[in-house]
Amino acid sequence: MKVLVLNSGSSSLKYQVVDMLKEEAIAEGICERIGLEKSQMKYKANGKKEEILHDMPTHKEAIDLVLKTLQGENGVIKSIEEIDAIGHRVVHGGEKFDKSVIVTKEILKEIQNLSSLAPLHNPANALGIEVCMELMPDKKNVAVFDTAFHQTMTREAYMYALPYEDYEDLKVRKYGFHGTSHYFVSQEAAKVLNNPEAKVIVCHLGNGASISAVKAGKCIETSMGLTPLQGLMMGTRCGDIDPAAVLYVMEKRGLTAKEMDTRMNKKSGILGVFGSSSDFRDLSKAIEEGNERAKTAYEMFVHRIKSYIGSYAAALNGVDAICFTAGIGENASKVREDVCKGLTYLGIDFNSEENSTRKDGIQELTKEGSKVKVFKIPTNEELVIAKDTYSLVK
């Protein structure tokens, strides 16, 4: 069985074809600049890479190009009939969806209705589903929600201390994101520990960053909130901030609500403090060159990760493992070490030599006998989407 996994953005489309017998991707890539000039598709299969320049006015042309390429000279299928189902990443499922579902017209409408909670993501996710329903009407589509894994949080964890009618009428609460990644990594950690009841803290650190506390396979806390803006300092997002500071900046700078939203989501975080880039590689280089603002941004980032880990260790009443994943978590060995240096009180005996050795796959970063284990675990959100799709349609 082969599953096509799609992640539709406003002007992009990430895709993979996953062979469920081997549980591995046999083709993958991304369509970029959809609806813009100089749109192109990157494609990787059979050990070869291609870049295809092609006009893609809408997602329909992008998905059509993906399907044709998958059947082309360097393709992995002979016909569309080999695609058994399509799994879609959907960012926001609200309180409605606590697990993946086969998409019907009614489900699609529900996803569209949740767009007010994720205006940058859900409309694009729904559009990808609509196009697949049109181009492949006989194939089942499955929606896999970023928020679903976090729906096991209890009220004291997900409620905000606002007037209760804001929750009742507007559903203002913490939802959390990166759920497929937190699920996958926490499951892998429990396997390595041979303990299904394990208490695991997952640090998903990339341009977007979030932390979760997982106990016996269920999320009990996570750092992102109503939107992905809450929580850690990120590439361009400010993370936790005094709400009064938002009102103060708006008033002093004469900003509209939309302008302030853009300022917090796209001009803050590492970019806002460092001033030159949101890319962690650029930040690291600037630190080596003695840039004080870069150093400050880095130290803020590390400090906030440590603070959340400490908080979640308390929420879990102890912790068995701390896991690092995603772009920064998997590749920035210094971040992992600097975070763990400040957590020795938990019983972490960190292995700096092992941490500085780059290895593929799961890597333990603590010494034998360490009370709390630390792991680097590469995430695989696409596999989670493919497996959920497979289990629902098989």
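View 1. Methionine 41 stands opposite isoleucine 52 in β5. This is a predicted model, so to speak a computed picture throughout. The two strands involved here are β4 (residues 40–45) and β5, and they pair in the antiparallel sense over six bridges. Helix α1 (residues 59–70) packs on this sheet, where it touches β1 (2–8), β2 (12–19), β3 (24–32), β4 and β5. Take the direction of β2 as a reference, and α1 makes about 30° with it.

View 2. Zoom out a bit and you get an open sheet of eight strands, with mixed pairing. Reading across, the order goes β5-β4-β3-β2-β1-β6-β8-β7. The edges belong to β5 (48–53) and β7 (101–102), each of which pairs on one side only.

**View 3. The six-stranded sheet.** Here's another open sheet, this one built from six strands in the order β11-β10-β9-β12-β14-β13, again with mixed pairing. At its edges stand β11 (218–222) and β13 (363–364); each has a single partner strand, so one side of each has no neighbour in the sheet.

View 4. Strands β12 (residues 321–325) and β14 (residues 373–376) run in the parallel sense and share four bridges.

View 5. Helix α6 (residues 179–193) lies across β9 (199–205), β10 (209–215), β12 and β14. Relative to β9, α6 runs at about 135°. Helix α11 also lies across strands of this sheet, namely β9, β10, β11 and β12, and runs at about 160° to β9.

**View 6. Where α10 meets α11.** Helix α10 (residues 280–288) packs against helix α11 (residues 292–316) at an angle of about 120°, and their axes are 8 Å apart. That angle makes α10 oblique to α11. The crossing of the two is left-handed. On the α10 side, the contact is made by Phe280, Leu283, Ala286 and Ile287; α11 brings Ala294, Lys295, Ala297, Tyr298 and Phe301. Sort the residues of this contact by type and you get eight nonpolar, no polar and one charged.

Technical notes:
Residues are numbered from 1 along each chain as its sequence is written. This is a predicted model: local features need pLDDT of at least 70, side-chain atom pairs count only at pLDDT 80 or more; totals for chains, interfaces and linings use all residues. Side-chain values use heavy atoms; hydrogens and water are left out. Axes are lines fitted to C-alpha atoms, for helices over the stretch in contact, and angles run from 0 to 180 degrees between N-to-C directions. Angles under 35 degrees count as roughly parallel, over 145 as roughly antiparallel, 65 to 115 as roughly perpendicular and the rest as oblique. A crossing is left-handed if the near helix is turned anticlockwise from the far one by less than a right angle, and right-handed if clockwise. Contact means heavy atoms within 4.5 Å. Ala, Val, Leu, Ile, Met, Phe, Trp, Tyr, Cys and Pro count as nonpolar, Asp, Glu, Lys and Arg as charged, and the others, Gly among them, as polar. Two strands pair if DSSP finds at least two bridges between them.
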